[in-house]
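Trainee: I am new to this one. Can we go through it and test each label against its cut-off?

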Amino acid sequence: MTDPIADYLTRIRNGILARHRVVDIPASNLKKDITKILFEQGYILNYKFVDDGGQGIIKIALKYDPVTNVNAIKKLQRVSTPGLRQYVGYKDMPRVLNGLGIAVVSTSHGVITDKQARKEKVGGEVLCYIY
């Protein structure tokens with residue numbers, strides 16, 4: 001697999017389209033950080049890191065509206081790919097849906113959202129957009 005982040009986003013996207021409540025994803029430290037951001041921003045209901053003796057598994061509980069059964073995540077879009085990395089400074093940090101969505105950025109301060117990157121005045125690699 002050449003792009004584990006794209007695989008991570010695709011597994012979540014497929015889980016949403018299939019109306020699954022829980023999605024299992026192979027774990028890595030970067031994926032764990034992105035999962036924590038999704039939880040903190042309210043895009044997923046809950047998550048759990050399971051140690052299976054190998055690399056581990058991330059169990060993500062997807063969040064749906066109880067009345068309309070619509071998912072909290074409308075779109076997951078990969079920005080920086082292994083073939084074309086997208087780096088930005090904090091002044092040029094993208095605003096997703098004019099601030100309604102988030103951009104996940106890998107910086108020297110760790111994996112953070114675009115709002116935190118602007119606040120801490122650090123740039124980095126834009127991994128994905130979520131809204």
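Trainee: Which residues are buried in α2?

Mentor: Remember first that this is a predicted model. In α2, the buried residues are Lys31, Ile34, Thr35, Ile37 and Leu38.

Trainee: How do you know that they are on the same side of α2?

Mentor: They cover an arc of only 160° around the axis, so they sit on the same side of α2. There is a general rule behind such patterns. An α-helix has 3.6 residues a turn, so residues three or four places apart point the same way.

Trainee: What does the face turned away from the buried side of α2 carry?

Mentor: That face carries the exposed residues Asn29 and Glu40.

Trainee: How does the reach of α2 compare with the expected span?

Mentor: Helix α2 covers residues 29–40, which is 12 residues. From first C-alpha to last, α2 reaches 17 Å, close to the 16 Å expected at 1.5 Å a residue. Just after α2 comes Gly42, with a positive phi of about 85°.

Trainee: Now Asn71. Why is Asn71 called buried?

Mentor: The relative accessibility of Asn71 is 5%. Buried means under 20%. So Asn71 counts as buried. Its place is the loop between β3 (57–62) and β4 (76–78).

Trainee: What makes the approach of Asn71 to Lys63 a polar contact?

Mentor: The side chain of Asn71 reaches the backbone oxygen of Lys63 at 3.3 Å. The cut-off is within 3.5 Å, for N or O atoms that can donate and accept a hydrogen, so this pair qualifies. A polar atom of the Asn71 side chain also lies 2.6 Å from the backbone nitrogen of Ile73. Beyond four places in sequence, Asn71 touches Ile16, Arg19, Leu62, Lys63 and Tyr64.

Trainee: Why is Lys115 called partly exposed?

Mentor: Lys115 has a relative accessible area of 39%. Buried needs under 20% and exposed needs over 50%. Lys115 falls in between, so it is partly exposed. Lys115 belongs to helix α3 (residues 114–120). Neighbours within four places aside, Lys115 is in contact with Gly99, Gly101 and Ile102.

Trainee: And Val105: buried or exposed?

Mentor: Buried. Val105 has a relative accessible area of 0%, and the cut-off is under 20%, so the label holds. Val105 is found in strand β6 (residues 102–107).

Trainee: What does Val105 touch, leaving out residues up to four places away in sequence?

Mentor: Its contacts include Met93, Gly110, Val111 and Ile112. Asp114, Gly124, Glu125 and Val126 are also among them.

Technical notes
Residues are numbered from 1 along each chain as its sequence is written. This is a predicted model: local features need pLDDT of at least 70, side-chain atom pairs count only at pLDDT 80 or more; totals for chains, interfaces and linings use all residues. Side-chain values use heavy atoms; hydrogens and water are left out. Helices (H or I, at least four residues) and strands (E, at least two) are DSSP runs, numbered from the N terminus. Buried means under 20% relative accessible area, exposed over 50%, partly exposed in between (1.4 Å probe, protein chains only). Contact means heavy atoms within 4.5 Å. The expected span of a helix is 1.5 Å times one less than its number of residues. The arc is that of the directions from the helix axis to the C-beta atoms.
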